Amino acid sequence: AIEKPILAAINGPAAGLGFIHTLYCDVRFASDRARFGTAFVRRGLIAEHGISWMLPRLIGVQNALDLLFSGRIIDAPEALAMGLVSRVVPHDDLIPVVRAYAKELATMCSPRSIAIMKRQVYDALFQDLHTANTIGNEEMLKSFETHDFREGVQSFIERRPPKFTGK
């Protein structure tokens, strides 16, 4: 329901509920010191707070069950290989890298486009391909009528940064 991207900068252990919170972020960056784990099974608990829905969609059923069944801790490179995080960077570079990414989104990307694409991706989890394709085509036609589209094209032609308004 939040139109803006939610970024995670994970700089250390993310376990239990802290791990689950990272799953609700749209893009996850991890420092090379980050660790991830689901200790629920080792405490006699079950998959809580939506992790049984989120985790398989992010890393696949087999990887999700591995982490949930074993309760083991994985490091950042393994999290990257599973698709749990988008990037792993040196610990001291984590915050500058995430800030640079956020700045690039804020200055070079249409907020309208981001909001619609975010909604499309999450809605598509419950749609068939035909429905997602139809909605995408409808949204594309709407995009042609926006200020952001005109500004995006004009800024490209003029070889300058765009000045998007979200309209």
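The structure is a predicted model, in which local features need pLDDT of at least 70 and side-chain atom pairs count only at pLDDT 80 or more, while totals for chains, interfaces and linings use all residues. Residues are numbered from 1 along each chain as its sequence is written, and side-chain values use heavy atoms, with hydrogens and water left out. Helices (H or I, at least four residues) and strands (E, at least two) are DSSP runs numbered from the N terminus, and two strands pair if DSSP finds at least two bridges between them.

**The parallel sheet**

- An open sheet of 3 strands, with parallel pairing, has the order β1-β3-β6, and its edge strands, β1 (7–10) and β6 (87–89), each pair on one side only.
- Neighbouring strands of this sheet are turned by 20° against each other on average, direction ignored, where axes are lines fitted to C-alpha atoms (for helices over the stretch in contact) and angles run from 0 to 180 degrees between N-to-C directions.
- Strands β1 and β3 pair in the parallel sense over 4 bridges, with Ala 8 standing opposite Arg 28 in β3.
- Strand β3 (residues 27–31) pairs with β6, also in the parallel sense, over 3 bridges, and Ser 31 has Val 89 in β6 as its bridge partner.
- In a regular strand the side chains alternate between the two faces of the sheet. In β1, Ala 8 and Ile 10 make up a covered face, whereas Leu 7 and Ala 9 make up an uncovered one.

**The mixed sheet**

- An open sheet of 3 strands with mixed pairing has the order β2-β4-β5; β2 (13–15) and β5 (73–75) stand at its edges with a single partner strand each, so one side of each is left without a neighbour in the sheet.
- In this sheet, too, neighbouring strands are turned by 20° against each other on average, direction ignored.
- Strands β4 and β5 run antiparallel and are joined by 3 bridges, and the bridge partner of Arg 35 in β5 is Asp 75.

**Aromatic pairs**

- A search of the whole structure finds 4 aromatic pairs, counted when ring centres of Phe, Tyr or Trp (its six-membered ring) lie within 6.5 Å, with planes under 30 degrees apart called stacked, over 60 edge-to-face and the rest tilted.
- One of them is the edge-to-face pair of Phe 19 and Phe 36, at 6.2 Å centre to centre and 70° between the planes; Phe 19 lies in helix α1 (residues 17–23) and Phe 36 in strand β4 (residues 35–37), so the pair ties together parts that are 17 residues apart in sequence.
- Both Phe 19 and Phe 36 are buried, a term for under 20% relative accessible area, with exposed meaning over 50% and partly exposed in between (1.4 Å probe, protein chains only).
- Phe 29 and Tyr 101 also form an edge-to-face pair, at 5.1 Å centre to centre and 65° between the planes; because Phe 29 lies in strand β3 and Tyr 101 in helix α5 (residues 94–108), the pair ties together parts that are 72 residues apart in sequence.
- Phe 29 is buried, with a relative accessible area of 0%, whereas Tyr 101 counts as partly exposed at 21% relative accessibility.

**The nonpolar patch**

- Met 140, Leu 141, Phe 144, Phe 149, Val 153, Phe 156 and Ile 157 make a nonpolar surface patch of about 720 Å², to which α7 (129–143) and α8 (147–157) are the elements that give two or more residues.
- Helix α8 gives the largest share, 4 residues; Phe 149 has its place in this helix and counts as partly exposed at 36% relative accessibility.

How values were computed
Patch = residues over 30% accessible without salt bridge, like charges linked within 9 Å, V, L, I, M, F, W, Y side chains within 5 Å. Areas by Shrake-Rupley, 256 points an atom, 1.4 Å probe, with all protein chains shown as cover. Salt bridge = Lys/Arg side-chain N within 4 Å of Asp/Glu carboxyl O.
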